[in-house]
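Here is a friendly walk through one protein chain, meant to be read with the viewer open. Please take a look at the sequence and the fold before reading on.

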Amino acid sequence: MTIPRRSWRGAGALVAAAVVGLTGGVISAGPAVAHTPTWAVTCSEVTVDLTNYTSDVPNTVTVSVDGKDLLPTETFGREFHKKLALPDHDKPVTVRLVVKDADGDGKHSIDQTKTAEVCEEEPTPPPTEPAPSEPAPSPTPSTGTPEPSATPSDESSESAPAAPAPSPSSPDLAETGSSSSTPVIGGAAVAVLLAGGGILWAVRKRRTAQG
C-alpha cells in the first residue's frame, strides 16, 4: 500500500511540532531551576542576592573584607538576601563572597572577590552670610525737666565761704555828722582846765604869802 505524499507531509508536520513543543518546554523550564547568585559592592556596602537554590539542603554563604569576616558563615535554603555596611576605610579594600552549593556536586558554588573603593567626601557648602539686621530704634528724648542734684558740689561750698557777722560790741567805723554828746564833752573839758588853773593859782599865792 502506498501512502500518498500529502499524508507524509502531514505526519512530518506533526512530528516537527511535537519536537518544537518539547524543546521549548525544556528551554523555558531551565531558568526556573537555575541557581542565580548576584552581588554588588560599593564604597560603603555589600549587597548579596541568591535565588533558585535547593531549599532542602544546607547551602552556606560567607562575606569577608581583607580577610576579616563581615558576614560569618550562614546557612540558607532556596533564597538569601542581605545588605551589609562596610567598615570605614581610607584605602581600597578587597571584599570576598563564598557561596557553597550543597546540592549534588556543588557546581553552583562560587568564590569571588571585588574591590570597594574609598568614598569621596562630599564638598562642604560655603557658609551662608547672615541676613542684615535692622537698626535698633533710637530712644525717645525725655521731655521732663531734669531734677537738680540733691547733693551740692564740694568745690562750690569751699569756694564761697559765708560772710562773717558783724560783732555787736565793735563801735561804728563810719559815723557822719556831729553827735549829740559832743557839746557836753567839750564843756566838761573846759571845766577841768579852769579848775586846774584855779588850783595852780591858789598854790602859787600860798607860796608867795609864806615867803
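## Confidence in the model

This is a predicted model, so a word on confidence comes first. The protein chain has an average pLDDT of 73, and 56% of its residues score at least 70.

Two stretches call for care. Residues 15-32 stay under 50 in pLDDT, and the model gives them three contacts beyond four places in sequence. Where pLDDT is low, the predicted coordinates should not be read in detail.

## Overall make-up

Three helices and seven strands make up the secondary structure of the protein chain. Read from the N terminus, the elements follow the order α-β-β-β-β-β-β-β-α-α.

Of the 211 residues in the protein chain, 16% are buried. Taking contacts between residues at least 6 apart in sequence, 51% join residues at least 24 apart.

Strand 1 (residues 36-41) and strand 2 (residues 45-51) run antiparallel and are joined by six bridges. Within this pairing, T36 has T51 as its bridge partner in strand 2, while A40 is partnered by T47. A hairpin of three residues connects strand 1 to strand 2. Strands of a sheet pair through backbone hydrogen bonds, either parallel or antiparallel.

The three strands form an open sheet in the order 1-2-5, with antiparallel pairing. Strand 1 and strand 5 (80-85) are its edge strands, each pairing on one side only. On average, neighbouring strands of this sheet are turned by 5° against each other, with direction ignored.

## The nonpolar core

Which residues have the most contacts inside the largest nonpolar core? They are V46 and V95, in a core of 20 residues. The elements giving two or more residues to this core are strand 1, strand 2, strand 3 (59-65), strand 4 (68-76), strand 5, strand 6 (93-100) and strand 7. Strand 6 gives the most, with four residues.

Leaving out residues up to four places away in sequence, V46 touches W39, A40, V41, V63, L70, K82, K83, L84, L86 and V95.

Beyond residues up to four places away in sequence, S64 touches D69, L70, T94, V95 and R96.

## The disulfide

The structure holds one disulfide. It joins C43 to C119, with 2.0 Å from S to S. The link of C43 and C119 is right-handed, with 100° about the S-S bond.

Most residues other than glycine have a negative phi, and most peptide bonds are trans. N52 has a positive phi, near 60°. Its place is in the loop between strand 2 and strand 3. Is N52 buried or exposed? With a relative accessible area of 19%, N52 is buried, because the value falls under the 20% cut-off.

D66 also has a positive phi, near 50°, and lies in the loop between strand 3 and strand 4. At 47% relative accessibility, D66 is partly exposed.

P87 belongs to the loop between strand 5 and strand 6 and counts as partly exposed, at 47% relative accessibility. From P87 to L70 the separation is 17 residues in sequence and 8.8 Å in space, C-alpha to C-alpha.

Methods: Residues are numbered from 1 along each chain as its sequence is written. This is a predicted model: local features need pLDDT of at least 70, side-chain atom pairs count only at pLDDT 80 or more; totals for chains, interfaces and linings use all residues. Side-chain values use heavy atoms; hydrogens and water are left out. Two strands pair if DSSP finds at least two bridges between them. Axes are lines fitted to C-alpha atoms, for helices over the stretch in contact, and angles run from 0 to 180 degrees between N-to-C directions. A disulfide is a pair of cysteine sulfur atoms within 2.5 Å. pLDDT is the predictor's confidence in each residue, from 0 to 100. Contact means heavy atoms within 4.5 Å. A nonpolar core is a set of buried Ala, Val, Leu, Ile, Met, Phe, Trp, Tyr and Cys residues joined through side-chain atoms within 4.5 Å. Buried means under 20% relative accessible area, exposed over 50%, partly exposed in between (1.4 Å probe, protein chains only).
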